[in-house]
Amino acid sequence: MKAVPRTPMRVVPKTPRMQQTVEKQRRDTSDKARDPVNVFCRVRPLQSDGDLTSLRVKNSTTIALNPQDQLLQHHKPHNANQREIQYIFKHVFQPDATQQDVYASVAQPLVENLLKGRNSLLFTYGVTGSGKTYTMTGNLRHRGIMPRCLDVLFRTISDYQAKKFVFKPDKLNGFEILSEEDALLERQHEMNQRFAGAGRFAFRHKDSDPEIASQASVEPIPLLGLDEDNMFSVFVTYIEIYNNSVYDLLEDSGIQKTLQSKIIREDANRHMFVHGVTEVEVKTVEEALEVFQMGQKRKRMGHTVLNAESSRSHSVFNIRLVQAPTDSQGENVVQDRQNITVSQLSLVDLAGSERSSRTKNTGVRLREAGNINNSLMTLRTCLEYLRENQLSASNGLAPKKVPYRDSKITHMFKNYFDGEGQVSMIVCINPRIEDYDENMQVMKFAEMTQEVQIARATPMKQDLGLTPGRRKANKLFKIAINNLNELGIPEAKDLEVDVGLVYSLGPDFPAYEMDSPEAEIKIRELMHYLEQRIEKRKKLRANLDIKCDSFRQMLMNLDRDNLQLRTELASLKAVYKQERDRSAALEKKVRIHESSIDVLNNTLSKQERQIEELTFKLNEKENMLTQKEHEKEKQKKKFSSKLAVESDKNKREFELKLREQRAKLQERMRIKDEKLRLVSNILQSEDLPSLPRSQSSENILNEKDRGAYTVRTEVSSVPATRTDIYATPRHGAAAANNRHRRSRSAGDKWLEHRAANPVPLGTIMQPYLKNRKSVTKLTDMKELTAHGTTKYCLVSQDADTDGDVETKLYKGNVIPTCGGGAQVVFNDVECLKQKSPVHSPTRKRPSNGNISALGGGAVPSTVTSAQDVASRCNLGIEGHSSKKSKI
Ligand SMILES: Nc1ncnc2c1ncn2[C@@H]1O[C@H](COP(=O)(O)OP(=O)(O)OP(=O)(O)O)[C@@H](O)[C@H]1O
């Protein structure tokens, strides 16, 4: 056989996580118990009695292959064992073995696995015409493995099937559970489609197809070991692998069209599946076979389009059993997809393995043969590698990578070899001598396959803690209800399922079978209890009716009251509405007022803030003002003290200057007197004619010698009321100065207030007070106001130790007061000083006419004659216009 190059495979680098998963899976599977692939051999009968054979069945497990076997048997029996090759199988089916024999030995354990939730793979392998399809499918009279599996399966689960569409494929190789309502809707939809003729699988009655009817006619025995508390559904898929492409034979793509190839994917449980494959739920074996026949038709049509032969492809018919536990009443499936168990039985009819050289294939046929051989070679390689890996694992060697992906058929069943399940193979042998070489190859492959170990499937775990036998109890209960209904008790239909009542029937429940006499007895007991329950229910219902009547009456009363209350409520509602409107209006007003209050408050707060600011500023200003006042006071005090100091200073300076001036004047006067004395001496010595001037000088000297008084009068007065003072020598003529008139107002009446003993001055110069009255003592204030007195003059005299007398005249206006009294406002002071003639130094006036004024007052500036000088020497008048003091 010519080796066909393998299809190049894309190597995908494994991520660490993938590597870990693979490792874990390998560890998991390596830890599990393993079973070898069960390899059976079926030898088909020879087509004719004249055919030569190269094969001999030695016993139920061994066959011997020898190309000249028949010849040797006839001619050289003694050398028969020398060239004979023996092959041992799990079981060898003789040519006369029936289909039932094959099914019972090979397939029935796989169906049992299916019911227990385990996956199984069965494939037939052999050369073309060796009976693979006959074994797997069979014909009208001789049903093959597939219809028998379906038959047994449906017969076993017939009473435990879920309603259609309770389980629904999720398109990812899993299933979901629909609620009863959704499932009902789906059923109705399907029924509508069936009536409309649009349904893809509008199953007919089994009698309508004689072929199917004949296949389903035999009644097999149901299997045991089923979990009776589960609900079951069966789904089938039918796939063909042709030229290494996967086609869905149940796809609704129109049989005239070319079938679309599908891809193989891995689901969440690392099981391989054909993505988007059509899964058809079947409820009977007839439906399943009908689906199969439709797939077969599509296969034939497809092959016509493709110009292919049916035997040139691999056919895979999958039976998928979905089961899930029922609820506590055994009525419905528990709505949790986690509890779903899906098991699969894959029945694979491989294409015939043959050498192209022998069949003389060309063109399309050659390509077909190449692909077939390629896929079968890959299958062989995979199994070889698996065997080697399993052997090397025990020796601690690294495993080889198994090339599952090199072929669709190996890729599809990868999880069987890598994962867990049970794998069985039937090697079909055509014993004719022409097939010797191919049979040899098949035998070698079979021998090698037997050495491959497959991990045993783990038992199904679906223990939800619910009571076992609940579905049986449910069923018993329903039987009892049906019986009662048939006995003419229609109330039984209204009874709800109560499995607790069934459990209470006896401790041996649910050990007995449904059809057993014990079950019959229990059903009768159950009927009895249910009758009692119905009777009791009738009584209770009658009681309930009475109570209902009274309750109805009460309701009517309540309704009446209610009506009344409603009316009241309506009126109250109207009032309420009005009040609510009013309240809303008031609230609106309140809101408006509140907003205006807010505005006012804001304004007020602003104003207050302004007031505070202004108050603060005012305080600041006041503080500043106070400070300035203080400073001003301080300045004032400072200025006053400075002024006082300055005035004192000025006064002292003035007095100092005055004394200096006086000293200077006296010095001058002394010098002048000296000069005058010299002049006088000169005049006396030279006998000059008498000049009035000399007389005057003499008089002056005489006067001086006599020690006449020199009167110096200082006048301090207010300029407006200046009084003329006249000072004359005691023996000289009195001189009057009109400038010094005492009073300009001839109408004033003076009150002169003088001392009781005045110092006698001996001068004629007296104060001039016209119209005066003199008093020494002012006893009564009436004296001031009486006689129309308008002026007042207080005269005081002081004499110092040198004998100088100072006379002061204090003058003022008399002003009557409103209380009848009088007040004096002093406005003038005159001061008269008279030097003592004893102690006062003699004053001599200069004789020349350049006599300057003494003091700051206005004095005559020029003396033209000696007489004037002499006379003036005796009289000095000095006036001061500056104010000396004020009382
Ligand atoms: N055990 C058997 N008993 C009686 N008839 C058999 C048996 N095996 C095969 N045949 C008959 O042999 C013929 C060829 O068988 P079948 O089509 O099953 O071969 P095959 O291996 O499927 O061929 P291919 O590989 O071409 O599909 C059929 O007519 C079938 O009835």
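L259 sits in the loop between β11 (245–248) and β12 (261–262); helices (H or I, at least four residues) and strands (E, at least two) are DSSP runs, numbered from the N terminus. Y247 is 12 residues from L259 in sequence, and their C-alpha atoms are 6.3 Å apart.

A bit of housekeeping: residues are numbered from 1 along each chain as its sequence is written. This is a predicted model, where local features need pLDDT of at least 70, side-chain atom pairs count only at pLDDT 80 or more, and totals for chains, interfaces and linings use all residues.

Next, the annotated loop. An unreviewed UniProt entry puts a "binding site" on G126, V127, T128, G129, S130, G131, K132 and T133; its positions are given in the numbering used here, feature names are shortened, and annotations may be inferred rather than shown by experiment. V127 lies in the loop between β7 (120–126) and α4 (132–136), and S130 is found in the loop between β7 and α4.

| Residue | Other C-beta atoms within 10 Å | Class |
|---|---|---|
| V127 | 23 | buried |
| S130 | 27 | buried |

What does S130 contact, leaving aside its neighbours within four places in sequence? The partners are R44, G352, C428, I429 and N430, where a contact means C-beta atoms, placed from the backbone, within 7 Å.

On to helix α14, residues 470–486. With 17 residues at 1.5 Å a residue it should span 24 Å, and its end C-alpha atoms are 24 Å apart, so the two agree (the expected span is 1.5 Å times one less than the number of residues). The buried residues of α14 are R470, R471, K472, A473, N474, K475, L476, F477, A480, I481 and L484. An α-helix has 3.6 residues a turn, so residues three or four places apart point the same way. Just after α14, G488 takes a positive phi of about 90 degrees.

How far to trust it? The protein chain has a mean pLDDT of 76, with 73% of its residues at 70 or more; pLDDT is the predictor's confidence in each residue, from 0 to 100. pLDDT stays under 50 over residues 1–19, which have 12 contacts beyond four places in sequence. Residues 687–745 also stay under 50, with 124 such contacts in the model. For the complex, the predictor gives an ipTM of 0.98 and a pTM of 0.58.

Key
Buried ≥ 20, exposed ≤ 12 C-beta atoms within 10 Å, placed from the backbone. Contact = placed C-beta atoms within 7 Å.
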